[in-house]
Amino acid sequence: MTPFIAEILGTMVMILLGNGVVANVNLKGTIGNNSGWIVVTSAWAFAVFVGVTIAGPVSGAHLNPVVTLGLALIGKFSWDLVPTYILGEMIGAMLGAFLVWLSHKEHFAATEDEGAKLACFSTEPAIKNNLSNLISEAIATFVLIFSIFYIAGPSLQIAADTNAVIGLGTIGALPVAIVVWAIGLSLGGTTGYAINPARDLGPRIMHAILPIKGSSNWGYAWIPIIGPIIGASLAAALYLSLN
């Protein structure tokens with residue numbers, strides 16, 4: 001498995017499980033219909049855990065263009081690899097969204113609410129105000145990226161000047177999942193916390209392509225792209241100023 005394929009597969013599974021829980025909660029006739037926000041935020045956190053578990057050993061599991069961008073901005077990732085990673089993340093997000101539709105096809109057909117169906121692919125603001133929505137996405141993404149910069153594996157001092165890194169296996173994916181869970185519970189209610197341009201744009205493209213009635217709301221689509229880029233850039237700037 002190459003880093004490119006790892007980013008595709010990790011992002012695909014993350015979107016399948018993350019947008020899958022939205023479909024389970026929103027779509028008519030599912031067993032999980034109307035089960036609520038705590039279900040959505042919890043499953044999204046676990047979706048990130050699973051995606052990072054799959055891709056982590058090979059690509060580092062960015063699964064998000066602004067993670068890739070942020071790490072490049074602080075000098076911890078090669079700019080030469082940025083386009084490849086972002087392409088993999090976009091492809092993975094689109095494939096994951098397609099699988100959500102495929103697995104819930106009958107429920108999409110049974111659901112009349114076009115907004116509920118779009119929410120299974122992309123984010124929408126609770127109260128539409130472009131500036132406020134942009135700020136919300138930037139703040140939430142800042143928390144995500146700044147936290148990721150400071151997540152480090154544990155080590156054990158084996159000599160005065162030597163530390164041995166302690167491998168945690170798949171449990172090493174847990175810190176990022178907890179950060180995403182906290183963001184969803186605390187900050188996600190304003191815009192649906194995209195905090196990931198590929199997570200919103202890739203599935204929104206699939207919504208427009210697949211035979212689903214309703215607008216894809218392209219007028220809002222720039223906010224889950226620009227907001228996270230702003231948030232990641234601010235996180236990188238602060239990190240560089242402190243280190």
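**Salt bridges in a predicted model**

In this predicted model, Asp200 and Arg204 form a salt bridge, with their closest N and O atoms 2.8 Å apart.

Q: Why is the contact between Asp200 and Arg204 called a salt bridge?
A: The term asks for a side-chain nitrogen of Lys or Arg within 4 Å of a carboxyl oxygen of Asp or Glu. Here the closest N and O atoms are 2.8 Å apart, so the pair qualifies.

Q: Where do Asp200 and Arg204 lie?
A: Both sit in helix H9. They are 4 residues apart, about one turn of the helix.

Q: Why is Asp200 called buried?
A: Buried means under 20% relative accessible area.

Q: What makes Glu124 and Arg204 a salt bridge?
A: Their side chains meet at 3.5 Å, N to O. The limit is 4 Å, so this pair counts too.

Q: What does the pair Glu124 and Arg204 tie together?
A: Glu124 lies in the loop between helix H6 and helix H7, and Arg204 in helix H9, so the pair ties together parts that are 80 residues apart in sequence.

Q: Why is Glu124 called partly exposed?
A: Its relative accessible area is 26%. Under 20% would be buried and over 50% exposed, so Glu124 falls in between.

Q: How many salt bridges does the whole structure hold?
A: The search finds 2. Through shared partners, salt bridges join Glu124, Asp200 and Arg204 into one network.

Key: Residues numbered from 1 in each chain as written. Predicted model: local features only at pLDDT ≥ 70, side-chain atom pairs only at ≥ 80, totals over all residues. Heavy atoms only, no water. Helix = DSSP H or I, 4+ residues; strand = E, 2+ residues; numbered from the N terminus. Buried < 20%, exposed > 50% of the residue type's maximum accessible area, 1.4 Å probe, protein only.
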